[in-house]
Amino acid sequence: MSTLKSKDNKGKVSRFFVNNAVPILFILFAVLAIPMANLSIEYLIAEMITRLARYSFLVLALLIPVIAGMGMNFGIVLGAMAGQIGLIFVMDWNVMGVPAFFLAIIISMPLAVFLGWMAGIALNHARGREMVTSYILGFFINGVYQLLVLYSMGAIIPISNSKIVLPRGYGIRNAIDLVNLRKSVDRLIPFEIGGVEIPVMTFILVAILCVFIVWFRKTKLGQDMRAVGQNMEVARNAGIPVERTRILAIVISTVLACIGQIIFLQNIGTMNTYNSHEQIGMFSIAALLVGGASVAKASIKNAFVGIVLFHIMFVVAPRAGKTLMGEAQIGEYFRVFVSYAIIAIALALHAWRKNKEAEFARRSLRIDTEEATGTSE
Amino acid sequence: MKSWIIKSVLIIGIIVLAVFLYVIGKEHIVFVENNTFTIDGKIYEPYDLVRVTLDGGEPDEIKKPRGRSLGRAKVSTTGLNHKVLVEILDDDDNVIESKEAKFKVKNTVEELLLNIPALMHDAKGWVANNQKTIYVENKPFTTDGKTYEAYEFVRVILDRSKSLEIRKPGDGHTGMDKGVVTDLRHTLYIEIMDNEEKVLESKEVSYTVKHAQDALLINVPAVMNDVDGWLSEYEK
């Protein structure tokens, strides 16, 4: 009996390590790399605050499709592209500050809803292969976006501001200085602690989104999504419109990503018209996975832990690389390699964890059965 | 039905909000100048040093135009209603005289020109649109009983940047085109061309737009023949 209990405890410990393998790996990495990078704690804290404000909305946008059992939505780049189109119009019209931020959201939202709806339909046709489909969908819409921005804007869509249009009269410049918008939301409520600027308004927006996600999970639609995520057939038999629910999950995620991209770019202050959106899906998903999420389960806590751990690596890796190898580029290569490797590791770990969980469940069942029948080793 | 009404109200509300955000967020550039201002034969001279505060923002000090100094400041502002505080300063930066004025901007106006001597004397046109529309016509021009005929094909370059190509009226051509220029002093370069776009004749002239003028009309045959009246106020 006692041997069984000690085995059970061992199992719990091993399950904790299995469940949190990625964050533990990153914490270890941070513990080793921070002293090597020789960066001050104040600098690291300031960087983490900036990056939390910059990425939180985008990472949180991934949570709802996970609830609906659709895995990591690589299609958030669709929302990001919609957000960028909104920003292009706002810059063309010379609208400034916070009104520009909200106007960009209003302009881009119908486009984000449309793209999300389209992606949702496509993903319903690719059940069980949602992640790879949304990833490829991102490439497809990226092509359409490039065509629209490079050839239609200024020629068919009226864009006339010489600061953003290419000298030939059509097409948008490669980089747009978001001078009208830079940190307009971050600095709306000015606040500093020990010289570290706190983007209060951005955190308020992030907090509103967290409250929305918590509330949304308790709504009828949220419960439906959870049911669909657990078992589509059971959900369908229970009268839940499965396809519609899945489309709504992607639409909400795309709209949130659209707002997230606008928050991200107002913080950065420059928009790379043809690249800014490309890495967003990959980095946001990597951050969420680093936070301990899996393709089947993700929480708000995972999002914040992930952003901090993932971005500690961003800040620390080049400096640590310089200390170790004498060249910052080595650290930068390492960072890029790790960013992509994390997704691969997390997906492999997900499969491994599923097997472990099944094994744990079998073992627990055996212990319960043996306890009930009074037989033990 | 009820759901449709709610959706329609929501959409209209969002559109109204978008328009409101556009109006309050639209940037207007205000060029505040401490330059000589002439209107109805009266001349208002610039001050040695003035301090200008627009909408309670950072004050700008503007000296009299001298040497490289243009005697102007560029201020960015948003919204339709504005307040400007002008303080005339002496050599020790003491305020000799001050005046506060309010003005409105149309949402379509990108740039404004605010003249301080004119404002201090309440002269008409102290605040004007800095973007002027220049209408250029290649049409026959008649003066003192003499008519100067239109050219087959002309190319007009406004301020060495904006190019207009204008054909003789007829065959679907209006004989007219327009361009937008900013500020008061401008150049006009005209090339008379044949049908193969070979330049036959060219000419460059300079002209000044008055503060209160929003649109001007230039007649190409009159410019080419040095006839008075080649530049006039455009009337729709």
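Predicted model: local features only at pLDDT ≥ 70, side-chain atom pairs only at ≥ 80, totals over all residues.
Residues are numbered from 1 along each chain as its sequence is written, and chains are lettered from A and ligands numbered from 1 in the order in which they are written.

H5(A) covers residues 76-92, helices here being DSSP runs of H or I with at least four residues, and strands runs of E with at least two, numbered from the N terminus. With 17 residues, H5(A) reaches 25 Å from its first C-alpha to its last, close to the expected 24 Å, the expected span being 1.5 Å times one less than the number of residues. Because 17 of its 17 residues are buried, H5(A) is largely enclosed by the rest of the structure; buried requires 20 or more other C-beta atoms, placed from the backbone, within 10 Å of a residue's own.

Turning to chain B, strand E19(B), residues 215-219, pairs in the parallel sense with E11(B), residues 131-137, over five bridges, pairing requiring at least two DSSP bridges. Here Thr133(B) has Ala215(B) as its bridge partner. E19(B) also runs antiparallel to E20(B), residues 231-233, joined by three bridges, with Leu217(B) partnered by Ser232(B).

Finally, the contact between the chains takes 11 residues from chain A and 10 from chain B, where contact puts C-beta atoms, placed from the backbone, within 7 Å. On the chain B side, helix H1(B), residues 2-25, gives the largest share, seven residues.

Notes. Contact = placed C-beta atoms within 7 Å. Buried ≥ 20, exposed ≤ 12 C-beta atoms within 10 Å, placed from the backbone.
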